[in-house]
Amino acid sequence: MNELIPLMVIIPIIAALILNALGRKNSIVKTLSFVVAILLPLIPIISNYGFHYFGGHSPLIDNENLLSSLPSLISNVSLSTFHIGINYSFEGLQKILLFFLFIVGFLAIFTAINERKRISGQYMFLIFMGLSSVTAMLLSDDIFHMYIFFEIAIISQVGIILSSNDNQKYETAMKYMILGSIGGPILLTGIGFLLALVGSVNITDITYMIKNGLIDSYSPVFLFSFGLIFFGWIYSVGLPPFHTIKSAVYSKATPSGSALLQALSVVIFISFGLAILRIYSHLPFVHGIIIFFSLAGMILSITMALIETDLRRIIGFLAVGELGYIGLGFGIGTNLSITAALFQGINELIITALLFIGFGAIIQLTKISNITKLGGLIENIPKMSIMVLLGGFAMAGVPPLNGFQSKLMLIQSALNANFPELAIIMILISIVTFMTFIKIFHAAYLKPKPKDLIVEKSLVPRSAIFTVGVLLIICIVLGLMPDLVVKELTTFVGGLI
Amino acid sequence: MDIYILIHNSVQKFKNKIKKDTITNENVSSAMAAELTIISTILISSIMLRHINVLLTVLIILGLGLCLITNMPLISKLKKEQDDSLNKMMFYVILTLAILVSAIYWGVLK
C-alpha cells in the first residue's frame, strides 16, 4: 500500500472545497491556490510505484490468513484474485503524465491569478476539481469509478467555460451539456452492460475473465457494451462528431482556462483509451474503428482549422486534430505505437497549453480574435511571438522539438505495422498543421498592422511570458532527450499488452 | 469535362462560397489547401481497405475519386455542416451512434 497515491486525488479535492468556502477572499484564495498548485507536481515525483486499495480491500489472494480461513469454494477459484474494492494503480505512465498535468495545472493557475485582479474561490474550486477528477480517472482500475470522475470533470469544464468573458459562453456551455446528456448516459449504459455480463467493473478482473474464457467475449451484450463505451469515449475526447463542440469549448474559455481544458481532455482520452484497449483489444474490429475515428478527427479538424478565421477556434481545432495522433497510436496497437501515442499525449498537453496562453496575449492586448483584423503585433510582444513560433513548430513536428520525436515514433510504428498509408497521412497532416500555424502567425504578428487596430499600452503579464517560457523549455528538453519519458512509457506499455 | 477544368471551375467558386469573410489571398489559398488535403487524405486512407480486399479497394478508390472531384468544392459544404448549430450536431451524434452500434452488433454477429 502506498498512501501517497490517493493524496494526488484527495489534496486537490480538499483544496477545492476550502477555496470554494473562502469565496471572494481574494488574497487568501490566490495564496492557497498557488501553494497547493506548486505542491501537486511534487507528489507523483516522490511517490513510489504501487497500488492503493481503498478501505484496505486488497484481493483475497494477497491476504493469506484470511484466504486460509475461507472455504475452498472461494479460496481455490479465481474469485480469490478479484478486486473487492476500488484500487488505484500508480506506474510509470501515471507518474509522468500526472507530473506534466500538474505542471500545466500550476502554470494555468499561476497565469489565472496574475491575469485577473480578483479571483474567486469558486473558479479555483472548478480548476482543482477538474485536476483531481482526471487524476482519479488515470489512477483508477475501476471503469465505473472512472465514469463518476469523468462526469465531475465535464461539469468542471463547463464551469471553467462559464467563468470567461466571452459573449457566447452560455450558449456553448449549454450545447456541451446537452450533447453530454447523450454521451454520458450512453457511456454509463455501456458500463452497465459490461457489469451485467462480467459481474465486475474492475478492468483487471474483466481482462482476467476474458483471457481465461470465463465469459463469452463475442456475445451481443459484450459487443453492445463496446459500442456504447466507445461512443462515450469519442464524446469525452472530442473525436467526430463531437469535434465541433469540443473546439468551440476550447475557444470560449480564458487562455489559461483553455490550456487547462485541453490538458484535462488529453488525460481523459488516455485513461478511457487504455481502458478500452485493455478490455476490447482482442476483438478484431476494435483497432479499425479507433483508426477510422482518429483519422476522421484529424482530417476534419485540420481542414476546419485551415479555413477558420477565429484565432482561438483555430487553436481549438488544431488541439482536437492532434488528439487524432494519439488515437492512431492506440489504433495501430503495437508496443511502439502505444508508447508513441502516450508520448504524443504528453507533448500535446504541453504544446497546446503553450499556444493557448501564448496567443491569449494577443486577445488580451487587442480584444480581437479574428485574424483578418490583426497584424504587426511582433513589435508589441517580440519575446512572446518568438516563443509562440517555436511552440507552433513543436506542434507541427519540426525537429528537434518534442512533437517531432513523438510523431516520428508514430510514423515508424505505422510503417512497422504495415500501415504506410497512415504514415503518409500523418506526414501530410503535420505539413498542413505547419501551414495553418504559419498562416495565423503571419496574420497576427508579421503582416502590416491594420490602421484601425487598437493595441492596449499595458504590457503582457510577466506570468504569461514565464508560463510560455517554461512550457517551451519542456518542449525543447523532451525534444532533445525523449528518453526521459519514453523509457518509462515503454516499460509501462510492455506490462500492459 | 476535363478534370483540370473541373478543378479550375471549383476554385473560382471559392470566392462566392466564402463571401461572408473578407476575401483575401490567404482565405482562398487556405480553402484550396483544405480542399486538396481532404481529397488526398480520404483517398490515401481508403487504400487501407486493401487489408480486407484488393479488388474492393480499387473499386472504392475509383468511385470515391470520381465522387470527390465531381462534387468540388467540398470544403464549403463541409464547413456548412460543421457549424455551431445544435441541430446539426445532434443529427450527426445520433447518426454516428446508430451506425456504430448497428455495425458492431450485426456486423460481428453475422
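**Entry 1: M387(A)**

I looked up the surroundings of M387(A) and, leaving aside neighbours within four places in sequence, I found it in contact with G358(A), V468(A), G469(A) and L472(A). Contact here requires that the C-beta atoms of two residues, placed from the backbone, lie within 7 Å. The model is a predicted one, in which local features need pLDDT of at least 70 and side-chain atom pairs count only at pLDDT 80 or more, while totals for chains, interfaces and linings use all residues. Residues are numbered from 1 along each chain as its sequence is written, and chains are lettered from A and ligands numbered from 1 in the order in which they are written.

M387(A) is found in helix 17 (residues 382–396) of chain A. Helices (H or I, at least four residues) and strands (E, at least two) are DSSP runs, numbered from the N terminus. I noted M387(A) as buried because 23 other C-beta atoms lie within 10 Å. The cut-offs are 20 or more other C-beta atoms within 10 Å for buried, 12 or fewer for exposed, and partly exposed in between, with C-beta atoms placed from the backbone. I also recorded 8.7 Å between the C-alpha atoms of M387(A) and L354(A), which are 33 residues apart along the chain.

**Entry 2: the nonpolar core**

I next examined the largest nonpolar core, which has 192 residues. Such a core is a set of buried Ala, Val, Leu, Ile, Met, Phe, Trp, Tyr and Cys residues joined through C-beta atoms within 7 Å. Helix 16 (residues 335–366) of chain A gives the most to this core, with 18 residues. V104(A), V267(A), I350(A) and A353(A) have the most contacts inside the core. Not counting residues up to four places away in sequence, I350(A) touches F100(A), V104(A), L471(A), I474(A) and C475(A).

I compared helix lengths with the expected span, which is 1.5 Å times one less than the number of residues. The 20 residues of helix 8 (residues 143–162) of chain A should span 28 Å, and the end C-alpha atoms are 29 Å apart, which agrees. Buried residues in helix 8 of chain A include H145(A), Y147(A), F149(A), F150(A) and Q157(A). Their cover includes helix 7 (121–139), helix 9, helix 10 (203–211), helix 11, helix 12 and helix 13 (255–280) of chain A.

Helix 14 of chain A, with 22 residues, reaches 32 Å from its first C-alpha to its last, close to the 32 Å expected. I found this helix mostly covered, with 19 of its 22 residues buried.

**Entry 3: helix 6 against helix 21**

I located helix 6 (residues 92–115) and helix 21 (residues 483–496) of chain A packed at an angle of about 140 degrees, with axes 8 Å apart. Helix 6 of chain A is therefore oblique to helix 21 of chain A. On the side of helix 6 of chain A, the contact is made by G92(A), L93(A), K95(A) and I96(A). Axes are lines fitted to C-alpha atoms, for helices over the stretch in contact, and angles run from 0 to 180 degrees between N-to-C directions. Angles under 35 degrees count as roughly parallel, over 145 as roughly antiparallel, 65 to 115 as roughly perpendicular and the rest as oblique.

**Entry 4: chain B and its contact with chain A**

Chain B has five helices and zero strands, and buried residues make up 16% of its 110 residues. How many residues does each chain give to the contact? I recorded 37 from chain A and 33 from chain B. The side of chain A that touches chain B has 29 nonpolar, five polar and three charged residues. Ala, Val, Leu, Ile, Met, Phe, Trp, Tyr, Cys and Pro count as nonpolar, Asp, Glu, Lys and Arg as charged, and the others, Gly among them, as polar.

The axes of helix 19 (residues 420–446) of chain A and helix 2 (residues 25–46) of chain B come within 10 Å and cross at roughly 170 degrees. These two helices are therefore roughly antiparallel to each other. The residues of their contact divide into eight nonpolar, five polar and three charged.

**Entry 5: backbone details**

I noted two cis peptide bonds: P240(A) to P241(A), with omega near 10 degrees, and P399(A) to P400(A), with omega near 5 degrees. P241(A) is placed in the loop between helix 11 and helix 12 of chain A. K367(A), although not a glycine, has a positive phi of about 60 degrees. K367(A) counts as exposed, with 11 C-beta neighbours inside 10 Å.
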